[in-house]
Amino acid sequence: MLTLVMPKLVAFEGGGRRSVSVTERNVAALKSAYWLVLIGGLLEPVLYLFSIGVGVGSLIGEIELSDGRSVGYTEFVAPAMLAASAMSGALAETTFNFFGKMKFMRLYDGMLATPVRPFEIALGELLWAMVRGSVYSVVFLAIMVAMGLTTPLRALAAFPAAVLVGFGFGALGMTVATLIRSWQDFDLIGAGQFALFLFSGTFVPAEAYPPALRWLVEVSPLYRAVDLIRGITLGSVGWVQVIDVLYLLVLLAVGLTVSGRRMGKLLCK
């Protein structure tokens, strides 16, 4: 039995090291201008928080949650902005940048001349995407704590949830990047991302939608992400959040598997 298991463990450890090597390559190629991109990506959800969460929230007052509690509108919107920030950071790296490296820079062709496999490239790029997503999450959670929108302990608990959101959307983004054919297709990705941002329980509860549309909202990946982080930051975690975690784990597993296989077909022609 041991002789059967040991080769698999060695292969897994070797694959993990090779995936980390892909991430390290991205760190080594990092340029100073990249930090301006990071700041720009972080500003968007912060501006939404202050303009809608604080500005419009002063006119709305409180929002009633599904458990009957009422919270301030800013507290309701803030975790949704955190989930949207994690989504945007992960998708930016795993769609636009990933597509450019694969189709135009032909970066991965050289990697495949080494022992690195397509799945390991996908995992390494996903890990790199999470560097960006984690930076967004840490800064935004610090803003939430400073504004009194959540407690420090809840913020600590929300961080791994935000990382999971980023992983799930990062895997989804890589799958989409292996399916699109040209830069023009990114207009469709942007439209889909904006639709998710508007209609995933970010600004109003899902219960506010007509019954025919509510189920569409609740099965969207961003809604599950918003519901998970909102439950943690507002202290209303229940069995529904278990469904949210399982949903995002399935999204991660399916996205990573499909993107790895698609990369193998595209790069090994």
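Contact here means heavy atoms within 4.5 Å. The structure is a predicted model, in which local features need pLDDT of at least 70, side-chain atom pairs count only at pLDDT 80 or more, and totals for chains, interfaces and linings use all residues. Residues are numbered from 1 along each chain as its sequence is written, and side-chain values use heavy atoms, with hydrogens and water left out.

The chain contains 10 helices and 2 strands. Helices (H or I, at least four residues) and strands (E, at least two) are DSSP runs, numbered from the N terminus. From that end, the order of elements is α-α-β-β-α-α-α-α-α-α-α-α. The chain has 269 residues, and 47% of them count as buried. Buried means under 20% relative accessible area, exposed means over 50%, and partly exposed lies in between (1.4 Å probe, protein chains only). Among contacts with a separation of 6 or more, 77% join residues 24 or more positions apart.

Helix 3 was examined next. Thr74 belongs to helix 3. With a relative accessible area of 15%, Thr74 is buried. Residues up to four places away in sequence aside, Thr74 touches Leu49, Gly53, Val54, Met147 and Leu149.

Helix 3 (residues 73-104) also meets helix 9 (residues 221-233): their axes come within 8 Å and cross at roughly 130 degrees. Axes are lines fitted to C-alpha atoms, for helices over the stretch in contact, and angles run from 0 to 180 degrees between N-to-C directions. Helix 3 and helix 9 are therefore oblique to each other. Angles under 35 degrees count as roughly parallel, over 145 as roughly antiparallel, 65 to 115 as roughly perpendicular and the rest as oblique. The crossing of helix 3 and helix 9 is right-handed. A crossing is right-handed if the near helix is turned clockwise from the far one by less than a right angle, and left-handed if anticlockwise. On the helix 3 side, the contact with helix 9 is made by Phe76, Pro79, Ala80, Leu82, Ala83, Ala84 and Met87. Helix 9 supplies Leu222, Ala225, Val226, Ile229, Arg230 and Thr233. By class, this contact of helix 3 with helix 9 has 11 nonpolar, 1 polar and 1 charged residues. Ala, Val, Leu, Ile, Met, Phe, Trp, Tyr, Cys and Pro count as nonpolar, Asp, Glu, Lys and Arg as charged, and the others, Gly among them, as polar.

Helix 7 (residues 186-198) is another partner of helix 3, at an angle of about 170 degrees and with the axes 11 Å apart. Helix 3 and helix 7 are therefore roughly antiparallel. Helix 3 contributes Met81, Ala84, Met87, Ser88, Leu91, Thr95, Phe96 and Phe99 to this contact, and helix 7 contributes Phe186, Ile189, Gln193, Leu196 and Phe197. These residues divide into 10 nonpolar, 3 polar and no charged.

Helix 5 has 29 residues. Helix 5 reaches 42 Å from its first C-alpha to its last, close to the 42 Å expected at 1.5 Å a residue. The expected span is 1.5 Å times one less than the number of residues. Gly148 follows helix 5 and has a positive phi, near 75 degrees.

Helix 5 (residues 118-146) packs with helix 6 (residues 152-179) at an angle of about 145 degrees, and their axes are 8 Å apart. The crossing of helix 5 and helix 6 is right-handed. Residues of helix 5 in the contact include Leu126, Met130, Ser134 and Ser137. Those of helix 6 include Phe159, Ala162, Val163 and Gly166. The contact of helix 5 with helix 6 has 16 nonpolar, 4 polar and 1 charged residues.

Ala162 lies in helix 6 and, at 0% relative accessibility, counts as buried. Ala162 and Ser134 are 28 residues apart along the chain, and their C-alpha atoms are separated by 7.7 Å. Beyond its neighbours within four places in sequence, Ala162 is in contact with Leu82, Ala86, Ser137 and Ile229. Thr178 is also part of helix 6. At 1% relative accessibility, Thr178 counts as buried. Not counting residues up to four places away in sequence, Thr178 touches Phe98, Met102, Ser259, Arg262, Met263 and Leu266.

Val240 lies in helix 10 (residues 239-267). At 27% relative accessibility, Val240 counts as partly exposed. Val240 and Leu228 are 12 residues apart in sequence and 8.1 Å apart in space, C-alpha to C-alpha. With neighbours within four places in sequence set aside, Val240 is in contact with Arg224 and Asp227.
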